[in-house]
Amino acid sequence: SARRSDHWVQIREQLPSDSTHYLVVKEPRASDDPARAEFVGGVLGLLDGTRTVREVVARFPARRFDVYRVLADLAGKQVIRPIAASDLEKRVLEVARRDKRRALAMLERGLEENPRHLGLLCAKALLAERAGELEQASEALKLVLHLQLENAASEDARATLKKLQKLDEGDPFVWEKSFELALEE
């Protein structure tokens, strides 16, 4: 028990969040133990950037602690790395073609870690609009608009305002921001 608590400290140093998506960036050194090599291979097979640490661990319910140790070891040796938000956005859009619910779940987890990432927010707006969830699409676009205005991207902000207007013409937010943008110009 004491050894496990020591291991948890080391694991959390390498894997600070269970909602992080990891990718394999290089082949690990082969293990001498065939059973361990098979186990590590099974874990590595799940690390394609579309699953979180939590999802990978859930695939091995009887060996959860072992999976955490393997992942921490692989992260420490830089065999795996967290996926960048822009890469996650691409993967979300790829997965959305096959499984929209899973893509939205991936997107939400990505936004937990990067709540102000413009690409992820745009992807959320796009997927929500395609799914007919206009309220969610509108919320995401409002955040996109705020970020664009912060970055002084007037042209992009104007395009986002047009999209928002298509979603809900009577939204006072759209008119207010349109007016503010016109005053600035």
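Which residues in α2 meet which residues in α4? Point 1 takes this up; the model is a predicted one.

1. Contact of α2 with α4. On the α2 side the residues are Arg36, Phe39, Val40, Val43 and Leu44, and they meet Asp66, Val67, Val70, Leu71, Asp73 and Leu74 in α4. Sorted by class, this contact has 8 nonpolar and 3 charged residues, with no polar ones.

2. Geometry of α2 and α4. The two helices pack at an angle of about 80 degrees, and their axes are 11 Å apart. Angles of 65 to 115 degrees count as roughly perpendicular, and α2 and α4 are therefore roughly perpendicular to each other.

3. Largest pocket. About 360 Å³ of space lies in the largest pocket. Its lining has 16 residues, and the closest to the pocket centre are Pro28, Arg29, Ala30, Ser31 and Lys77. Both α2 (34-46) and α4 (64-76) supply at least two residues each to this lining. The most comes from α2, which gives 5 residues. The lining of the largest pocket divides into 8 nonpolar, 2 polar and 6 charged residues.

4. Second largest pocket. Here the space is about 190 Å³. Of the 13 lining residues, His7, Arg69, Val70, Ala72 and Asp73 are the closest to the centre. Two or more residues of the lining come from each of α1 (2-14), α2 and α4. By class, the lining of the second largest pocket has 4 nonpolar, 3 polar and 6 charged residues. Val70 and Asp73 are also among the α4 residues that meet α2.

5. Geometry of α7 and α8. Helix α7 (residues 118-130) and helix α8 (residues 134-150) have axes that come within 8 Å and cross at roughly 155 degrees. Angles over 145 degrees count as roughly antiparallel, and α7 and α8 are therefore roughly antiparallel to each other. The crossing of α7 with α8 is left-handed.

6. Contact of α7 with α8. From α7, the residues in contact are Leu118, Leu121, Cys122, Lys124, Ala125, Ala128 and Glu129; α8 meets them with Leu134, Gln136, Ala137, Ala140, Leu141, Leu143, Val144, Leu147 and Gln148. The residues of this contact divide into 12 nonpolar, 2 polar and 2 charged.

7. Geometry of α8 and α9. Helix α9 (residues 154-167) packs with α8 at an angle of about 160 degrees, the axes being 9 Å apart. That angle makes α8 roughly antiparallel to α9. The crossing of α8 and α9 is left-handed.

8. Contact of α8 with α9. The α8 residues are Leu134, Ala137, Ser138, Leu141, Lys142, Val144, Leu145, Gln148 and Leu149, and the α9 residues are Asp156, Ala157, Thr160, Leu161, Lys163, Leu164 and Leu167. By class, the contact has 10 nonpolar, 3 polar and 3 charged residues.

9. Residues of α8 on both sides. Leu134, Ala137, Leu141, Val144 and Gln148 are among the α8 residues that meet α7, and these residues also take part in the contact of α8 with α9.

Definitions and conventions. Residues numbered from 1 in each chain as written. Predicted model: local features only at pLDDT ≥ 70, side-chain atom pairs only at ≥ 80, totals over all residues. Heavy atoms only, no water. Axes fitted to C-alpha atoms, helices over the stretch in contact; angles between N-to-C directions. Helix = DSSP H or I, 4+ residues; strand = E, 2+ residues; numbered from the N terminus. Parallel < 35°, antiparallel > 145°, perpendicular 65-115°, else oblique. Left-handed = near helix turned anticlockwise from the far one by under 90°. Contact = heavy atoms within 4.5 Å. Nonpolar A, V, L, I, M, F, W, Y, C, P; charged D, E, K, R; others polar. 1 Å grid on protein atoms, 1.4 Å probe; cavity = no way out; pocket = protein on both sides within 12 Å on 5 of 7 lines; lining within 4 Å. Points joined across faces, edges and corners; volume = space filled by probe spheres on them.
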